[in-house]
Amino acid sequence: MRITHVESFRLPLPGAEPPFAWRRGLLGSSPDGHAAVLRIGADDGASGVALATRPGMAAAVEDAVDRVLREALTGRDPRQREFLWHHMWELDRTEEFPLPLLGLVDIALWDLAGRRSGQSAWQVLGGFRTKIPAYASTATFRDLDEYLDVATQCLELGYQAIKLHAWGDARRDAELGHKLRAHVGDGVPLMYDGSAGFDLPDAVYLGRALHDAGFLWYEEPMREFNVTAYGQLARSVRIPLLVAETSDGAHMNTADFIAAGAATFGVRASATMRAGITGAMRTAHLADAYRLRAEVLGDEIPSRHLAMAISNTTYYESLITANPVRRRPEVDADGFVHAPTGPGIALPAGLDYPSALEPYVET
């Protein structure tokens, strides 16, 4: 079995409607743009796809396919995912692929494996569960009253926990954390994501306030370049830390956070940011060896497969960007996400795909 074709497709990607914001200093939701689909096919007729939606990825995938990936992959055995995962790291040594591109080949190969076997990717990975509770992961809203209104709607829609992306102001965010806890009561799990908005002193201040408000975890308050700073933060606050989301290096970099004592709740696992399905599973197994959680990032379709395959993840992240709140279609009225049933991984419905890609779209 050999890879015979490696190709990219560009397709329109509508911007969020309505647009939404992140913390101060960050760009908000992207306007209309383009996404890319990578397709890898083999000589027995099997093929697999992977979708890249980050801004700029359409051009990056096209360039990588035409200049590097087609030649590097053609003639290889697509069943040798482990070898090809290492091969991508070798190419990365000189190419310095963007993180979302580094794992794209691996995602397509896992999709191919599932389709070839007639199983969903989470089943090919072994499978751990068939449903998982979802938490509402907010965008940044205007003021305290709107956050409390959004929280009420999320709970009424069945979401079982809430994670804040707030303003990036340590004092104001601390007040929000306490007011939200008083609003929802002690029984609702709350989490906070700082989106790397703070230095160490402000991260310590906010972490102590969130602990007092009974938050479950404290995520990425600082840029993840300095593991030593995260170790100091872990020693300075009592709230458990969820770390290693955006730092390069997949499980290798994640190991440094764990060794430094910084992952006191756990680490992030992600197909997009941890070098594909293979990198995410390595990260999850590494965390499990230390009895830590590996929380799956984001609500893309590969995240659903990872959430069903990884034993030490707690929730599925479901992004809430608008008020009034609209529950994501994969989340049921009781706040659960159920395991995919189709073969492979699948592409999300609702985009304007060329006819060649329609067989890969979820139904």
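Select Pro-324 to begin: Pro-324 lies in the loop between β11 (316–320) and β12 (336–338). Helices (H or I, at least four residues) and strands (E, at least two) are DSSP runs, numbered from the N terminus. This is a predicted model, in which local features need pLDDT of at least 70 and side-chain atom pairs count only at pLDDT 80 or more, whereas totals for chains, interfaces and linings use all residues. Residues are numbered from 1 along each chain as its sequence is written, and side-chain values use heavy atoms, with hydrogens and water left out.

**Cis peptide bonds**

Show the backbone at Asn-323 and Pro-324, which are joined by a cis peptide bond with omega of about 10°. Then move to Glu-17 and Pro-18, where a cis peptide bond has omega of about 0°. Pro-18 is placed in the loop between β1 (3–13) and β2 (33–42).

**Positive phi**

Most residues other than glycine have a negative phi, and most peptide bonds are trans. Select Ser-195, a residue other than glycine with a positive phi near 50°. Ser-195 sits in the loop between β6 (190–193) and α8 (200–212). Is Ser-195 buried or exposed? Its relative accessibility is 18%, so Ser-195 counts as buried; buried means under 20% relative accessible area, exposed over 50%, and partly exposed in between (1.4 Å probe, protein chains only). Display the residues around Ser-195: leaving aside neighbours within four places in sequence, Ser-195 is in contact (heavy atoms within 4.5 Å) with Arg-23, Leu-26, His-165, Glu-219 and Glu-220.

Next, select Ala-250 in helix α10 (residues 250–259). Ala-250 is not a glycine, yet has a positive phi of about 50°. With 2% relative accessibility, Ala-250 counts as buried.

**Helix pairs**

Select helix α6 (residues 144–156) together with helix α7 (residues 170–184); they pack at an angle of about 40°, with their axes 10 Å apart. That angle makes α6 oblique to α7. Angles under 35 degrees count as roughly parallel, over 145 as roughly antiparallel, 65 to 115 as roughly perpendicular and the rest as oblique. Axes are lines fitted to C-alpha atoms, for helices over the stretch in contact, and angles run from 0 to 180 degrees between N-to-C directions. To view the contact, show Leu-144, Tyr-147, Leu-148, Ala-151, Thr-152 and Leu-155 of α6 with Leu-176, Lys-179, Leu-180, His-183 and Val-184 of α7.

Now select helix α2 (residues 81–95) and helix α11 (residues 276–289), whose axes are 9 Å apart at an angle of about 95°. The two helices, α2 and α11, are therefore roughly perpendicular to each other. Glu-82, Trp-85 and His-86 of α2 meet Thr-278, Gly-279 and Arg-282 of α11 in this contact.

**Nonpolar cores**

A nonpolar core is a set of buried Ala, Val, Leu, Ile, Met, Phe, Trp, Tyr and Cys residues joined through side-chain atoms within 4.5 Å. The largest has 104 residues, and those with the most contacts inside it are Ile-40, Leu-69, Phe-97, Tyr-192, Tyr-218 and Leu-233. Which helix gives the largest share of this core? Select α1 (residues 57–73), which supplies 9 residues. Finish at another core, which lies apart from the largest one and has 11 residues, among them Ala-35, Val-37, Tyr-353 and Tyr-360.
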